[in-house]
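Morning, everyone. Please look at the screen while I walk you through one model.

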Number of protein chains: 2
Amino acid sequence: MSEAKQIVLAQRPQGMPKPTDFRVEPVAMPKPEHGQALLRVIYLSVDPYMRGRISGVASYVKGVDPGDVMVGGCVGQVVESKAPGLKPGDFVEGPMGWRSHVVLPAHVLRKLDPAAAPISTANGVLGMPGMTAYFALLDVCQPRAGDTVVVSAAAGAVGQVVGQIAKIAGCRVVGIAGGARKCAFVRDELGFDAAVDYKAEKDLGAALKAAAPNGVDVYFDNVGGEIHDTVMTQIRLNARIVVCGTISTYNNKPGEGDIGPRQLRRLLVNRARIQGFLVFDYLHRYPEGLQRMAAWVKEGRIKYREDIVEGLEKAPEALIGVLEGKNFGKMLVRVGADPTR
Amino acid sequence: MSEAKQIVLAQRPQGMPKPTDFRVEPVAMPKPEHGQALLRVIYLSVDPYMRGRISGVASYVKGVDPGDVMVGGCVGQVVESKAPGLKPGDFVEGPMGWRSHVVLPAHVLRKLDPAAAPISTANGVLGMPGMTAYFALLDVCQPRAGDTVVVSAAAGAVGQVVGQIAKIAGCRVVGIAGGARKCAFVRDELGFDAAVDYKAEKDLGAALKAAAPNGVDVYFDNVGGEIHDTVMTQIRLNARIVVCGTISTYNNKPGEGDIGPRQLRRLLVNRARIQGFLVFDYLHRYPEGLQRMAAWVKEGRIKYREDIVEGLEKAPEALIGVLEGKNFGKMLVRVGADPTR
């Protein structure tokens with residue numbers, strides 16, 4: 001069998017990663033043992049959390065050290081199986097990493113039904129980003145009909161789903177995104193009530209005030225930083241803020257502080273709360289989330305947009321693009337052919 | 001009948017209030033109308049929130065403008081009543097303000113049973129501070145047996161109750177207080193497991209680490225500022241932080257920022273939350289809280305310490321003392337004789 005490829009971290013990035021922080025390596029094709037399957041990767045999901053994994057800073061899971069293969073969720077196809085329940089040709093989702101091929105145990109894989117939804121959605125609206133949106137919004141923020149919900153990185157993999165679920169929940173939805181194209185997308189294609197272009201607005205607070213004149217009941221925060229500070233000045237009584245990402249700080253150097261206004265007085269006066277969220281805590285409830293989300297996708301109530309680049313070698317550039325906000329929709333790398341398209 | 005006295009705000013304080021920001025005024029003795037009672041004030045409760053009321057900054061209730069009588073919760077005695085259910089000699093708690101005498105409608109007064117507990121406790125452990133401790137700790141922080149609970153301003157009216165309830169709930173309790181005397185008090189008299197003297201410790205983080213080696217599950221924050229920042233560096237998974245006061249910032253000038261480390265990344269990684277609290281939201285549940293707290297006081301499981309100064313004229317100094325952390329226990333001004341002691 002031909003050689004496989006993988007991408008390893010060549011060195012820890014300083015600030016924004018560079019393509020040369022990564023290295024493509026040929027490797028021998030792995031062989032599955034009992035309970036395992038050999039997979040070829042079709043789609044690699046590229047997500048902001050990956051910056052944290054290569055930072056060398058202790059976080060919620062072990063990071064990637066120089067020389068390690070980069071981690072990542074993927075959709076792939078079974079090539080050879082020694083696991084009951086998996087046969088060649090099956091489509092699966094799992095933690096395959098930045099690889100062309102990989103051997104994984106069956107228990108870390110989720111089998112996909114290509115007739116139910118495009119297989120790429122298992123990395124997006126019907127995968128980790130979709131489940132992040134679903135549980136962080138509905139469980140943590142508990143939006144009520146009539147609430148104003150603001151979401152940052154609104155055109156991203158998580159943000160676009162957050163806004164659409166909030167619309168289903170009867171809320172007024174304001175997206176914050178970078179650039180006119182993304183703003184038009186969330187407003188005109190996804191049905192958000194308003195969009196604020198944080199790159200174009202000189203006075204973000206005034207723009208937000210115009211878009212959310214009654215104040216902010218729920219803030220779904222994917223970015224942190226100054227956008228967070230601005231939204232916090234406009235929260236209402238009993239506001240709920242969920243922190244799902246802090247992309248604005250991901251390229252800070254170790255030890256470089258993340259300094260801003262303390263929000264304590266504002267939280268007290270408004271009896272508001274800020275809560276951190278990691279989707280892994282909801283793994284046991286994925287079946288509920290996936291079922292509802294799949295129904296909404298099928299009914300056309302949840303739309304999604306993907307931003308696909310071709311070839312494993314493009315993964316570093318794709319990650320850099322995500323960190324710079326250049327992607328437009330869920331960022332995917334097509335590593336191998338998708339026979340369902 | 002002889003004249004009454006009141007204290008009005010003479011001018012808005014700049015930074016720490018001065019005694020000359022207040023003015024004692026003689027006033028004619030007021031007369032009750034139907035549904036009202038004339039009260040003589042016995043104890044005036046002096047609390048940190050009062051600094052916010054005189055700041056001129058919009059907050060959760062209307063503030064005190066120059067010329068207005070200072071607000072405050074008090075324990076008093078009925079002198080003359082035109083309200084059913086109240087008769088001369090009855091003890092009541094209510095928003096009497098910085099006055100020797102006041103007429104109030106009966107519906108804002110809570111009748112006290114001097115046989116059940118000393119009447120002064122209606123301003124403390126069996127009043128607003130006690131209810132703040134009870135609901136903010138048990139409802140918002142939801143301490144579990146085995147949790148480490150840290151409370152700042154630990155020797156204050158709220159803090160001393162927080163720590164003792166947390167002990168009843170089976171937690172390890174660490175108090176942060178200013179000065180060896182307060183630390184010894186919460187440790188030796190109230191039964192906290194450890195106390196950290198933030199004024200004496202050069203490295204507050206190291207001292208907290210020694211007192212709470214497993215990290216912080218619950219932080220009951222009465223102060224904000226740098227103590228908040230330090231505690232936040234030691235929170236554990238699913239930590240719950242309640243913001244009940246931000247006394248460290250109360251003397252900031254209007255527009256003066258409250259700047260510090262943003263806690264967003266830490267909240268995300270730990271799936272932790274920070275929530276603001278105001279006890280008024282729990283007024284409908286006071287009967288539950290007062291009943292349980294009264295039982296604990298009677299059983300000797302909740303102790304309390306009062307810091308009483310004599311004479312209405314001392315109220316400004318008492319408030320300044322509270323803001324400087326000079327009080328040692330619940331700060332009260334004895335405005336009139338307490339016939340029960």
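**Two helices, then two chains**

Helices H2(A) and H8(A) are roughly perpendicular to each other, which means an angle of 65 to 115 degrees; under 35 is roughly parallel, over 145 roughly antiparallel, and the rest oblique. This is a predicted model: local features need pLDDT of at least 70, side-chain atom pairs count only at pLDDT 80 or more, and totals for chains, interfaces and linings use all residues. Residues are numbered from 1 along each chain as its sequence is written, with chains lettered from A and ligands numbered from 1 in written order.

Now the numbers. H2 of chain A covers residues 128-141, H8 of chain A covers 286-298, and they pack at about 100° with axes 10 Å apart. Axes are lines fitted to C-alpha atoms, for helices over the stretch in contact, and angles run from 0 to 180 degrees between N-to-C directions. Helices (H or I, at least four residues) and strands (E, at least two) are DSSP runs, numbered from the N terminus.

Which residues of H2(A) meet H8(A)? Gly130(A), Met131(A), Tyr134(A) and Phe135(A) do, against Tyr286(A), Gly289(A) and Met293(A). Contact means C-beta atoms, placed from the backbone, within 7 Å.

Next, chain B against chain A. Each chain puts 28 residues into the contact. On the chain B side, H7(B) gives the most, with six residues.

Strands meet here too. S14(A), residues 273-276, pairs with S14(B) in the antiparallel sense over three bridges; pairing needs at least two bridges found by DSSP.

Note on methods. Contact = placed C-beta atoms within 7 Å.
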